[in-house]
Amino acid sequence: MLRSDQIMATVEMVQKENLDVRTVTMGINLLDCRYGSVKKTCEIVEEKIARFAGDFVEKCDEVAVKYGIPVINKRISVTPAALVGAGFSSDDFVKLAISLDRAAAQAGVDILGGFTAQVEKGITVTDRAFIESIPKALAGTSRLCASINVGSSHKGINMDAVAMIGRTIKDLAEETADSGGFGAAKFVVFCNQPGDNPFMAGAIHGIEEAEVVLNVGVSGPGVIARSLKKTIAKRGTDNLKLDDIAEEIKQITFRVTRCGELIGRQVSKILGVEFGVVDLSLAPTPKIGDSVGEILQILGVDDVGAPGSTAIVALLNDAVKKGGIFASKAVGGLSGAFVPVMEDAVLAEAVGKGALTIEKLEALTCVCSVGLDMVPIPGDVDAATISAIIADEMAIGMINNKTTAARLIPVPGKKAGEVVNFGGLFGKSPIMEVRNVNKSGRFIAWGGRIPAPIHSFKN
Amino acid sequence: MSRKYVISVMSKDRPGIIADITTVIYDLGGDLADLNQSILGGYFTMILMAEFDGPVTRKILLTRFSEIQSETPVAALIKEVKEVMYGSHGRLPDDTFVVTAQADNRKGLVKTLGDFFYSRNINVLDLVTAIDKNCYTMIFQVDLSQVDSMKSLRSELTSLGEREEMELVLQHNDIYMATNEVGTALETIIGD
């Protein structure tokens, strides 16, 4: 029997609050693609991606039209390239990057992730060649995203890798200086990188995964923002407490997650591909009304970064997880609220006002996902300082048994306060000030490893 | 030989009306297969299917229903059928969608959509309406298994909405199941 109240509530969510599925990402195992020559390996890689993802975009669109819920991004993640190209030289990895980029274009996806190495404990000869290839690989491709895992709660932080990555990010930004260092926006450094994350730039198809899986990232923060506004207008601020707000977020997240998983499972069914996980992350876009920062403003801070911001993000992140985990039987990926500065118009505005600093952003990442994301910094910040910022962020993830990441973009030739604009989903923002530059060189020069934390005596 | 009927009854609503109607069926030895009831504007209506072992005729049924004491007489329509369907409102067709329509209240709104569906061979499975102030809401549950192109249908609905100044939304029924039925697994909803 039709329940008109329930139906109209769902219509409200889908149509008026602009519910969408943020991403459906097909993960493809490429471990069986390594052949004698680089050329042959690349051919096999492209053939395999085409075989599994040939009609991926078309089927996603079909399901989106049928259900009336847009699937915003259709993407591919692959096995970390450093494993696929075991024994490759740096130049060979550049060729593999171009091949992956071509495969993404042929499949019709805008981004392919998995140009990745996992070096949280040690760096192999291949890993070193891979890291050296990153600036040219990302400068010479348009759809490829790269990532590297330099730490974990079980292995600690590989500080040799962190030192290398600081220099790599500088080189990558210089290599793409014509586009404001855009290459660095396609490269993310992780601690505890998940193998089933559907969101870019850090999506990979982990080695623990099945041959091919579909992972889904559910809707953005706009749905929650509009739902909260409506509830506050209806009930009045005098009649609501923070626990009521948390409950509202839980309920809307439950419904959003069920919709996202429904779409993902339907696409899986049509493609005959195993369904992986639902990632509950709130992923903002630069579009007005699609911002995590806006939720913070609704909940009572005038500017993101003001005292109280961390507490609100903690509430938001937890409520989203509680609603989503109850809704789905397969939660994974990053599953937390993102605070990517350039991709969130309200966060970028707060940077412009001086309300949001890197230090406060780092504090926010202690209670949410995923880290210092899409943070533009002055182009003259030295590599050791970049490495040290990354080390700080990795330490938060390592100690707290959570995923953290850093996507820092040193914008060549620009200073703090100047605006950098990458357009589209990558957004724009004033460049953030980095204080205390050139003061961490001796720390980074140590190298070695920060040992893994103790996993008992948790009192 | 048993006789099977579809029976529709209508009367002003009051406590005990269901008991009175089902007592008629029971006293005549009838087995109630399925029923659906609704109340609108203070009037009670019920459609039911029943099977009788004895020689119960349409005339006997009409007489017994007319003897029910009520503020308004119980009006009944009775049709004999070859078989009764048990649990007919069980699983819906795979292509069940819901069209919601909202507009300023005026004459002919339901007809406009009824005509739209009929001209496209779309069967309406269920319909509820509501009015709040001057806003008239219609919710049609429809079977789109005869529709070739969802894109075209969505486009035609958009045009209709613009032309008739209606807010029209077409969503798959699974969306409502997924968001409102906590205990139903998604695999069950999509039919895995």
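A: **A close look at chain A**

Of the contacts in chain A that join residues at least 6 apart in sequence, 80% connect residues at least 24 apart, a contact being heavy atoms within 4.5 Å. The model is predicted: local features need pLDDT of at least 70 and side-chain atom pairs 80 or more, while totals for chains, interfaces and linings use all residues. Residues are numbered from 1 along each chain as written, chains are lettered from A and ligands numbered from 1 in written order, and side-chain values use heavy atoms, without hydrogens or water.

Chain A has 15 helices and 13 strands (DSSP runs of H or I, at least four residues, and of E, at least two, numbered from the N terminus). Along the principal axes, its C-alpha atoms fill a box of roughly 65 × 50 × 50 Å. Of its 459 residues, 62% are buried (under 20% relative accessible area; exposed is over 50%, partly exposed in between; 1.4 Å probe, protein chains only).

Over all chains, the structure holds 28 salt bridges (Lys or Arg side-chain nitrogen within 4 Å of an Asp or Glu carboxyl oxygen). In one of them, A:Arg51 pairs with A:Glu47, with the closest N and O atoms 2.9 Å apart. Both residues belong to helix H2 of chain A and stand four residues apart, about one turn of the helix. A:Glu47 has 40% relative accessibility and therefore counts as partly exposed.

A further bridge joins A:Lys59 to A:Glu62, whose closest N and O atoms are 3.8 Å apart. About one helical turn separates A:Lys59 and A:Glu62, because they are three residues apart in helix H3 (residues 56-67) of chain A. A:Glu62 is partly exposed, because its relative accessibility is 38%.

Another bridge, of 2.7 Å from N to O, brings together the side chains of A:Asp373 and A:Arg407. This pair links distant parts of the chain, with A:Asp373 in strand E9 (residues 371-378) of chain A and A:Arg407 in strand E10 (residues 404-411) of chain A, 34 residues apart. A:Asp373 and A:Arg407 are both buried.

Through shared partners, salt bridges also join A:Glu261, A:Arg265, A:Lys329 and B:Glu187 into one network. Within it, B:Glu187 forms a salt bridge with A:Lys329, the closest N and O atoms being 2.3 Å apart. Two salt bridges are found across the interface of chain B and chain A. At this interface, 28 residues of chain A are in contact with 34 residues of chain B.
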